[in-house]
Amino acid sequence: METFLKIEDIKLWAKVGVLEEERRFGQLFSLDVFLWADFDKCTQRDDIKNTVDYSKLIEILKFHAKKIYCFTIEKYSNEILETINNAFKLNKIKIILTKCNPPIKGFDGKVSIVRVIENS
């Protein structure tokens, strides 16, 4: 049985973007995180030490967002993956990073990047 933990709609304010204003003032991003790990021990023993502390994960990501400064959502997504991977020992990580209000004239949608990393 495949089991993963999904954390939806983590709001992050980060200085990422091509335009100088985006990097100076920052903008809103939404992050969905999917985490694959061995959840059997937690399931059997109901022990929080055997699962992912997602409150800590969210805290780490919000702290990291305050320090990031880059041009592309691609770079930012890679930084997020590395941050999660370094903080937690997981089998697989998938993220969906969404720029909530891209400054594109005549465009009211969102732009997302999906990234996946698998550890052997």
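Is Asn101 buried or exposed in this structure? Asn101 counts as exposed, at 58% relative accessibility, where exposed stands for a relative accessible area over 50%, buried for one under 20%, and partly exposed for what lies in between, all with a 1.4 Å probe and with protein chains only. The structure is a predicted model, in which local features need pLDDT of at least 70 and side-chain atom pairs count only at pLDDT 80 or more, whereas totals for chains, interfaces and linings use all residues. Residues are numbered from 1 along each chain as its sequence is written, and side-chain values use heavy atoms, with hydrogens and water left out.

The chain contains four helices and five strands, which follow one another from the N terminus in the order β-α-β-α-α-β-α-β-β. These elements are DSSP runs numbered from the N terminus, with helices (H or I) of at least four residues and strands (E) of at least two. The C-alpha trace spans about 50 × 25 × 25 Å along its principal axes, and 39% of the 120 residues count as buried. The accessible surface of the chain is about 7,900 Å², and carbon and sulfur atoms hold 51% of this surface; such areas come from the Shrake-Rupley method with a 1.4 Å probe, and for residues only the protein chains shown count as cover. Among the contacts with a separation of 6 or more, 60% are made by residues 24 or more positions apart, a contact being heavy atoms within 4.5 Å. The chain carries 20 positive and 18 negative charges, whose mean positions are 4 Å apart. In this count Lys and Arg are positive and Asp and Glu negative, while His and the chain ends are not counted, and each charge is placed at NZ of Lys, CZ of Arg, CG of Asp or CD of Glu.

In soluble globular proteins, nonpolar side chains tend to be buried together. The largest nonpolar core of this model has 28 residues, and Val33, Tyr76 and Ile84 are those with the most contacts inside it. At least two residues of this core come from each of β1 (4-16), β2 (27-36), α3 (54-67), α4 (73-87) and β4 (92-99). A nonpolar core is here a set of buried Ala, Val, Leu, Ile, Met, Phe, Trp, Tyr and Cys residues joined through side-chain atoms within 4.5 Å. When neighbours within four places in sequence are left aside, Val33 is in contact with residues including Leu5, Ile7, Ile10, Leu57, Leu61, Ile84 and Ile95.

Beyond its neighbours within four places in sequence, Ile10 is in contact with Phe29, Ser30, Leu31, Val33, Ile58 and Leu61, and its C-alpha atom is 5.4 Å from that of Ser30, a residue 20 positions away along the chain. Asp9 also belongs to strand β1, but counts as partly exposed because its relative accessible area is 40%. The phi of Asp9 is near 60°, a positive value in a residue other than glycine. As background, most residues other than glycine have a negative phi.

In strand β4, Leu97 is buried because its relative accessibility is 0%. Residues up to four places away not being counted, Leu97 touches Phe29, Ser30, Leu31, Ile73, Tyr76, Ser77, Ile80, Val111, Ser112 and Ile113. By comparison, the C-alpha atoms of Leu97 and Lys62, which are 35 residues apart along the chain, are separated by 13 Å.

Polar side chains take part in the picture as well. Gln27, in strand β2, is buried because its relative accessible area is 8%. The side chain of Gln27 forms a polar contact of 2.8 Å with that of Glu22, and one of its polar atoms lies 2.6 Å from the backbone oxygen of Val16. A polar contact is a pair of N or O atoms within 3.5 Å; within protein, one must be able to donate a hydrogen and the other to accept it, and residues adjacent in sequence count only if both atoms are side-chain atoms. With neighbours within four places left aside, the contacts of Gln27 include Leu12, Trp13, Lys99 and Asn101. Asn101 itself lies in the loop between β4 and β5 (111-118), and its C-alpha atom is 43 Å from that of Gln44, 57 residues away along the chain. Asn85, in helix α4, has a side chain joined to that of Asn119 by a polar contact of 2.8 Å.
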